[in-house]
Amino acid sequence: MPDEKRRDFFISYTKADESWATWIAQALEAADYTFIIQAWDFVPGTNFVHSMEDAVQRCDRVLPVLTPAYRRSGYASAEWYAFFGADPTGTDRRIVPVRVLPDGDEKQLSLLQQVVYIDLVGAENEIASRERLISGLRAALLGASDRPHTPFPGAGLPLVATPASEQEIAPFPRDLPTIWLNVGPYLKHFVGREALIERVGETLRGENALAITAMHGLGGIGKTELARAYCWTRKDDYDLVAWLRAEEPTSLTEDVIELGRAAGLIDGEVSDAPEAARLVVRWLTGKSRWLLVYDNATDRHSLAGFLPSGGGHVLITSRHPDWAGLATKLDVPTLEPDDSVKLLLQRSGDVDEGAARELAQALAYLPLALEHAAAYVEVHGVTLRHYFGLYTEQKVRLLARGSGGAEDTVTVATTWELIFQQLRGSLASELLMLLSFLAPEKISLHMLRSMVEQAGNSSSPTQGEGAGDAEPQVNKLQPLAGAFADGMRLDETIGALQAHSLVHRAGDDLSVHRLVQEVTRSRLCDEGLGAWQRQVVDGLLAVLPRAEGDSHRACAPMIPHAQALLECLESSNVEPFENVALIQDRLARYFEIVADFESSKGHYERALAIDEASYGLEHPQVAADLNNLGLVLRALGDMAGAKTQLERALAITEAALGSAHPSVASCLNNLGSVLKVLGDLAGAKANYERALAIHEAAYGPEHQEVATDLNNLGTVLEALGDLAGAKTQLERALVITEVALGSEHPSVATSLNNLGSVLQEFGDLAAAMMYYARALAIDEAAFGLAHPRVATRLNNLGVVLAALGDLTGAKSRLERAVAIIEAALGPEHPETAALRGNLEVLEEGG
């Protein structure tokens, strides 16, 4: 039989605010008030309207939970209107609103706005909020005319009561989730977008299946701010909220690893960043109540391998519109006119609504343009009307110059032109121009300082036909040298940009919005753009080393900036030049080291094209590019393509440098490795022997290049069945390499692995196992736990363990080897098939 007892309160709220309603109910219960709340008292399967009417009739008062969502709700007024009719003057305190979130528009509830509410907005913490709630109720209810003599049940109780069961305490809605990573502060001046936030919430539903929503739109449209507002609005729905910078794989990997640290999964330095990131993704797959925001994702392919499954939510922001099949798409529009006016007035402090409306219309309601316009007004102490007059004049001037482009881009550029004019000729302007060619996030001041210092030590001549007629090119970076040498001056320079919200600084890292970068570059003529591009290319080239071994870790933070710089070059009308090929080469080498061979191939191909255009088809630099490309094609399993590139490289090098040059030996070695895979063992042996002879004549018998030749020759002798000859060559190679490079160098691992293979063929399994294990340890330390080289070492160790009878140890090594090689090279790669075959043989035999 239903409970017919009278209750003190009916708690009225919307579904979006259920966490607040249940927290208020918990506080009322602790203070011995009685109430009805839908979340606890409405039985599933019953008639909702009947239950609501019954609840209203049985409660003395209604407690509306005031939020923007409540004020917009069509059902809200129905729940409190009966109480208002019974007590229109408020004498009996039949309506006791509690405001829990700001920024509502009370005009939408014209009757309810007459009722004084208990305000929890601004309370410092849960204790202060509970005190405000209970003391507010006490003050309201003790003065009610229907209870002149008898205190209300909550009277006399402590302001902050302790619930009977700690396990039943509802979480305080303003408390952050257990993990709240890099979301940033709540945007004080964020306005509008309520319907979009609700729409995002509707698309991100369910606890047992992954839900993905992608918000896309023009740069500056407010996607990032909208995502941040959603995080704050719905934080009570999650135990984990993490903000991930998805514009580049490097930054995305870094942020996923940071999430792993916050979750306690990762401790100390990470030797293999991709594997560490995969660990975090796998961990999330088994969890629920999490939200990951992938901010500024390039496209759907850029998130491959970074999306968990399971019962969590993913929110993506991107300029790219193609998310169908992966995510629910939400096109983010410009702000509504009224919200644009509200933003301008709140942010600037001006009260001229007419001027705000005119300016908002002129700025096409673009959030980024509105924000910067308001910042200009605030910083300079002018009015919106004054700014609108300046803007109108500057827009006409820019259009007269034929700036072109889409209307919203022109509008944004014109908005920033006012600030650019103020900064013109300053160090801040020079710094902003430098930043405009780099990635927008994590621009290290240390990297910038090194680039500027290198620029101060060099001066490039202008390209021209007469060396005697060449004039010194103005060094665009050199003026910044003084600022970077003086900490206070540097702070002032950065501060000038921060004052206009053009850049943000977090410690030693700067960030700048992409649209700011684009508009900054667009102000340069072709000649000026070309000069800046050369200076930035030269500066970055001076600080970006060519990755070798484990030195790729030092390169990693600079990789996104090199990629961004190349994108700038490709989108401009400036012809690529020689140093651009070197940037391409260094990116290619980095990706080759981290086993991203497809990316490496693309960069090597672009370097080759530039060098062929710059030097001609028969230049030694072109041969070097062909060599590099051939090796990556070999790693990708394209042996025919690799052979073509390497044969061409050999022909060019011999013609240019002579048949006995050491560079010819390098070409012979690389071509020999491909011939060996293709089964041409005699051809491979001939190439290796010739390379060995060249290097011994050039460098002597103890040089590392000689050791490389000996290693290669030893492997082909083993394949030909000459085990004794192979062992002799490999033992000599190992001795030379350890002396030249040290016992922990990856080249030592190569010698150990190859010698272990020969010892295995001889039947000395114990010695072979020792060599394989040592090679594995060296490569894991140098390349990380998920590199294809590590997979090879694991495979070899697993095979010899199986031969020794340790089937359990063998299986674990082979399974790990297959997982690594498949992730790196794909399931169809010949190397993947070979390693998987070894595992299958073991499983069939076991």
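Author: Two strands pair if DSSP finds at least two bridges between them. Keep that in mind for this model, which is predicted.

Reader: Why are strand 1 and strand 2 said to pair?

Author: Strand 1 and strand 2 (residues 35-36) are joined over two bridges. The cut-off is at least two, so they count as a pair. The sense is parallel. Phenylalanine 10 stands opposite isoleucine 36 of strand 2.

Reader: What makes strand 1 and strand 3 a pair?

Author: Five bridges join strand 1 to strand 3 (residues 59-66). Pairing needs at least two, so these strands pair. They run parallel. Serine 12 has proline 64 as its bridge partner in strand 3.

Reader: Why is strand 1 called largely enclosed?

Author: Buried means under 20% relative accessible area. In strand 1 (residues 7-12), six of the six residues are buried, so the rest of the structure largely encloses this strand.

Reader: Why is arginine 193 called buried?

Author: Its relative accessible area is 9%. The limit is under 20%, so arginine 193 is buried. Arginine 193 sits in the loop between strand 6 (179-181) and helix 7 (194-203). Its phi is positive, about 70°, although the residue is not a glycine.

Reader: Which loop holds asparagine 296, and what is its phi?

Author: Asparagine 296 is in the loop between strand 9 (288-295) and strand 10 (311-318). Its phi is positive, about 60°, and it is not a glycine either.

Reader: Why is helix 16 called roughly perpendicular to helix 19?

Author: The axes of helix 16 (residues 427-435) and helix 19 (residues 487-498) cross at roughly 75° and come within 9 Å. Angles of 65 to 115 degrees count as roughly perpendicular, so helix 16 is roughly perpendicular to helix 19. Helix 16 brings Leu427, Ala428, Leu431 and Leu432 to the contact. Helix 19 brings Arg489, Thr493, Ile494, Ala496 and Leu497. These residues divide into seven nonpolar, one polar and one charged.

Reader: What makes helix 24 mostly covered?

Author: Twelve of its 16 residues are buried. Among them are Val580, Ile583, Leu587, Tyr590 and Phe591. The cover includes helix 21 (526-543), helix 23 (559-571) and helix 25 (597-615).

Reader: How is the reach of helix 24 judged against the expected span?

Author: Helix 24 (residues 578-593) reaches 23 Å from its first C-alpha to its last. The expected span is 22 Å at 1.5 Å a residue, and the reach is close to that. Just after helix 24, alanine 595 takes a positive phi of about 70°.

Key. Residues are numbered from 1 along each chain as its sequence is written. This is a predicted model: local features need pLDDT of at least 70, side-chain atom pairs count only at pLDDT 80 or more; totals for chains, interfaces and linings use all residues. Side-chain values use heavy atoms; hydrogens and water are left out. Helices (H or I, at least four residues) and strands (E, at least two) are DSSP runs, numbered from the N terminus. The expected span of a helix is 1.5 Å times one less than its number of residues. Buried means under 20% relative accessible area, exposed over 50%, partly exposed in between (1.4 Å probe, protein chains only). Contact means heavy atoms within 4.5 Å. Axes are lines fitted to C-alpha atoms, for helices over the stretch in contact, and angles run from 0 to 180 degrees between N-to-C directions. Angles under 35 degrees count as roughly parallel, over 145 as roughly antiparallel, 65 to 115 as roughly perpendicular and the rest as oblique. Ala, Val, Leu, Ile, Met, Phe, Trp, Tyr, Cys and Pro count as nonpolar, Asp, Glu, Lys and Arg as charged, and the others, Gly among them, as polar.
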